[in-house]
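Here is a short tour to read alongside your sequence and model. Keep both open as you go.

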Amino acid sequence: MADVEACLLAHLNSGGEVPDSRSYASSLRVTHDELEAVIKSLSAFRIVDTTDITKETWVLTDEAKGYVAGGSPEAQLVAAIPPEGASKDVLREKLGSVFDIGMKTAAKNKWIGFEKGNKDLVLRKVDTIKDDLQEQLKSLESGEVLSDKVIDDLKRRKLITKEKSIWYALKKGPQFVAKRKKLATDVTQEHLRSGDWKDLEFKDYNFGAQGQPIAIGYVQPLLEVVREEIQNIFLQMGFTEMPTNNYVESSFWNFDALFQPQQHPARDSHDTFFLEAPAATKQLPEDYLEKVKEVHQRGGYGSKGYGYDWKQDEAEKNLLRTHTTAVSTRMLYKLAQEKPFAPKRYYSIDRVFRNEAVDRTHLAEFHQIEGLICDYGLTLGDLIGVLEDFFSSLGMSKLRFKPAYNPYTEPSMEIFSYHEGLKKWVEVGNSGMFRPEMLLPMGLPEGVNVIAWGLSLERPTMILYGIDNIRDLFGPKVDFNLIKSNPLCRLGLQ
């Protein structure tokens with residue numbers, strides 16, 4: 001490369017110019033890429049001035065380059081036929097992929113024929129041929145201009161493609177020198193010892209140059225929605241976050257304390273992941289456990305209960321929590337032990353696990369958002385008002401409520417929001433007021449009610465990011481390039 005630079009600078013110093021860098025590269029017997037690298041380096045220091053010359057040219061495809069070297073398919077076919085002729089199978093085995101193309105064009109040119117009564121035997125009908133296709137491709141490769149008809153034929157056969165070529169016209173620049181002095185880029189120990197650093201010329205720093213990408217972590221879209229939006233909404237509404245770091249729960253806190261009967265289908269292994277080791281827990285509050293047993297078997301607090309034989313072994317089974325409401329149960333029980341009672345607002349956002357069939361909208365693990373308020377005299381109207389405030393902060397101002405059934409809330413409501421993109425009402429969550437059979441055995445005072453609601457984190461995130469398959473958002477099939485390139489989400493959020 002140093003020789004190329006020296007030749008170029010000597011040529012310009014002698015008063016010459018370079019009108020066409022391609023031709024000049026050929027005269028130096030180097031590739032244009034090698035010359036271009038030197039030109040860009042000299043241009044950066046304004047040693048040469050360049051003018052771009054852009055032209056679209058036709059270039060040969062790999063298939064066409066093969067025909068330049070070995071002849072066109074039709075010519076290869078004719079050359080492969082012996083004087084006595086040859087069968088199609090023999091020619092196909094000999095020529096491979098060019099056989100069918102060669103047969104079609106050679107027959108059209110009347111270079112071949114077939115034995116009468118035997119269409120499988122291919123015969124030559126000419127002694128010599130002129131391979132026009134090969135000549136045309138060679139001419140185009142050498143830079144000759146071909147007629148529009150020939151170009152159209154080559155395009156139709158997909159033997160040429162259009163390529164944009166850029167080369168340069170060169171002349172002396174304002175900082176031209178006949179020989180470039182190598183600029184230092186660093187001060188070494190040798191420079192300091194010898195003292196020659198005083199005479200060195202240093203290369204200027206390019207403060208506008210693009211630096212290397214910083215190897216940092218990227219925020220997953222779910223965390224962006226949680227940390228930047230939903231969590232802030234809860235905090236602005238005066239809620240306190242609940243500790244949710246226990247993925248493994250007992251059936252007692254996950255089901256029994258929520259007044260959910262032990263025969264409920266959700267406790268089946270088809271819906272719940274049970275642990276093999278440790279399979280059970282013994283760390284349950286005995287007094288509270290007896291009260292829960294009593295209300296399940298015989299009722300109380302105005303309830304008839306379920307009237308079945310409640311089993312402690314079933315309550316002690318360990319599982320992967322199916323909802324974060326198990327955490328809410330623990331927090332409400334803890335709150336009930338504090339005297340005097342003080343109203344609280346709690347929220348949680350964390351992972352839950354269910355034995356779901358995996359598809360584009362379901363995973364065996366997902367994230368649940370939950371909020372609850374515990375205070376005196378709360379009503380269904382209070383719940384509706386809080387839900388309207390919460391969801392409007394998420395950009396969902398059009399809400400509808402539908403009566404529903406939950407074992408641990410009465411009354412219960414499903415929450416629907418109008419989706420402007422889908423032009424229909426979409427279910428976005430569930431809500432209700434915790435039943436007295438759940439709250440009073442904990443020791444909460446009479447007249448204290450709890451309103452609560454929950455929703456999936458994945459569903460609003462998928463809507464806000466325009467993702468239609470949950471596996472593209474969460475799980476082992478997530479594309480890390482999607483995470484790196486995703487901007488912070490602001491769609492629909494206020």
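Is S139 buried or exposed? S139 counts as buried, because its relative accessibility is 17% and buried means under 20% relative accessible area, with exposed over 50% and partly exposed in between (1.4 Å probe, protein chains only).

A word on the source: this is a predicted model, where local features need pLDDT of at least 70, side-chain atom pairs count only at pLDDT 80 or more, and totals for chains, interfaces and linings use all residues. Residues are numbered from 1 along each chain as its sequence is written, and side-chain values use heavy atoms, leaving out hydrogens and water.

S139 sits in helix 8 (residues 132-141); helices (H or I, at least four residues) and strands (E, at least two) are DSSP runs numbered from the N terminus. Leaving aside neighbours within four places in sequence, S139 is in contact (heavy atoms within 4.5 Å) with E144 and L146. A polar atom of the S139 side chain also lies 2.9 Å from the backbone oxygen of E135.

| Residue | Relative accessibility | Class |
|---|---|---|
| C7 | 37% | partly exposed |
| C374 | 0% | buried |

Searching the whole structure turns up zero disulfides, a disulfide being a pair of cysteine sulfur atoms within 2.5 Å.

Seven strands form an open sheet in the order 6-9-10-14-13-12-11, with mixed pairing; two strands pair if DSSP finds at least two bridges between them. Strand 6 (240-241) and strand 11 (399-406) are at the edges, each with a single partner strand, so one side of each has no neighbour in the sheet. Strand 6 runs parallel to strand 9 (residues 344-353), joined by two bridges, and T240 has Y346 as its bridge partner in strand 9.

Technical notes
Polar contact = N/O pair within 3.5 Å; in protein donor to acceptor, adjacent residues only side chain to side chain.
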